[in-house]
Amino acid sequence: MTRTGFGIDIGGSGVKGAKVDLDTGEFIGDRLKIATPQPATPEAVAEVVAEIVEHFEWTGPVGITVPAIVKNQVALSAANIDPSWINTDVSELFSKHLDNEQIVVLNDADAAGLAEVRYGDERARTGAAILLTIGTGIGSAMLIDGTLFPNTELGHMNVGKKEAEQLASSAAKEREELSYKKWAKRVSKVFNEYERLLNPSVFIVGGGISRKADKWVPLLTVDTPVIPAQLRNRAGIVGAALAAEDNITP
Ligand code: BGC
């Protein structure tokens with residue numbers, strides 16, 4: 001019998017949900033995406049989350065990712081979402097909108113890390129791996145032999161005069177109309193700083209731009225191996241579903 005889970009990934013442009021086959025990490029049926037309401041306040045987003053859960057008529061455990069630090073089910077940051085998320089008790093918020101008994105909320109990059117460990121490249125579960133999701137921001141998941149060290153925010157590390165994500169997110173690439181060559185230089189600068197301080201065994205790159213990894217990964221001047229995440233844009237939803245099933249609340 002298939003073990004089925006359910007995950008929702010809250011992003012800057014869309015809130016996405018799907019049923020997940022927990023044995024394979026594949027979606028069961030289609031994913032539903034609804035545009036993130038603007039302003040993306042906790043209440044407005046929670047309504048969309050409820051709409052997605054109702055659409056799938058899902059009554060089991062629900063995992064939800066947010067692009068923020070989540071400690072003891074309280075959001076503590078809001079770099080690319082509405083500032084009113086800071087100090088929101090997310091467990092209280094979503095329980096108000098959903099009937100599901102088990103709800104687990106975690107950082108989006110942490111969810112991607114958990115998914116990669118379970119279903120992705122085996123280098124994610126051996127040694128000191130750093131997974132980076134590169135999109136509007138840069139999210140990070142640090143993994144030691146497959147165990148997550150939650151809520152690392154390597155995208156906010158200062159590299160030179162700027163934060164890593166200001167310099168090298170894919171939003172920065174678009175905003176400043178950088179070629180892959182120019183942007184890869186910035187990514188190298190950021191990864192070199194991570195290497196200098198953390199010496200990981202591997203960097204795993206996720207987020208939309210990892211789909212085009214062949215265009216920029218070969219241009220990086222980084223000593224540590226850099227590999228694209230295998231779960232691509234499924235990672236957040238799948239990791240959320242896993243966290244809910246295993247009741248992982250970082
Ligand atoms: C946030 C992180 C998040 C990342 C990716 C960053 O700006 O601070 O919590 O994981 O964006 O969404």
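**Entry 1: the two domains**

I looked for salt bridges first, and the count between domain 1 and domain 2 is 0. For this I took a salt bridge as a side-chain nitrogen of Lys or Arg within 4 Å of a carboxyl oxygen of Asp or Glu. I note that this is a predicted model, where local features need pLDDT of at least 70 and side-chain atom pairs count only at pLDDT 80 or more, while totals for chains, interfaces and linings use all residues. Residues are numbered from 1 along each chain as its sequence is written, and side-chain values use heavy atoms, with hydrogens and water left out.

Where do the domains run? Domain 1 covers 4-110 + 234-246 and domain 2 covers 121-229; such bounds come from an automatic or database domain assignment. Their centres, taken over C-alpha atoms, are 24 Å apart.

**Entry 2: where the domains meet**

I found 10 residues of domain 1 in contact with 13 residues of domain 2, contact meaning heavy atoms within 4.5 Å. Polar contacts do turn up here: the rule finds 3 residue pairs across the interface, both at pLDDT 80 or more. A polar contact is a pair of N or O atoms within 3.5 Å; within protein, one must be able to donate a hydrogen and the other to accept it, and residues adjacent in sequence count only if both atoms are side-chain atoms.

How much area do the domains bury between them? I get about 780 Å², 47% of it on carbon and sulfur atoms. Buried area is the accessible area (1.4 Å probe) that two parts lose on being put together, summed over both. On the domain 1 side, N80, A109 and D110 lose the most area to domain 2, together 60% of what that side buries.

**Entry 3: S210**

Next I picked S210, in the loop between strand 13 (202-206) and helix 7 (213-216). Helices (H or I, at least four residues) and strands (E, at least two) are DSSP runs, numbered from the N terminus. Is S210 buried or exposed? S210 is buried, because its relative accessible area is 1%; buried means under 20%, exposed over 50%, and partly exposed in between (1.4 Å probe, protein chains only). Leaving out residues up to four places away in sequence, S210 touches V205, W216, P228 and R232.

**Entry 4: G135**

Last, I turned to G135, in the loop between strand 8 (128-134) and strand 9 (138-144). G135 counts as partly exposed because its relative accessibility is 22%. Beyond its neighbours within four places in sequence, G135 is in contact with S169, S170 and A171. I also checked P67, 68 residues from G135 along the chain: their C-alpha atoms are separated by 11 Å.
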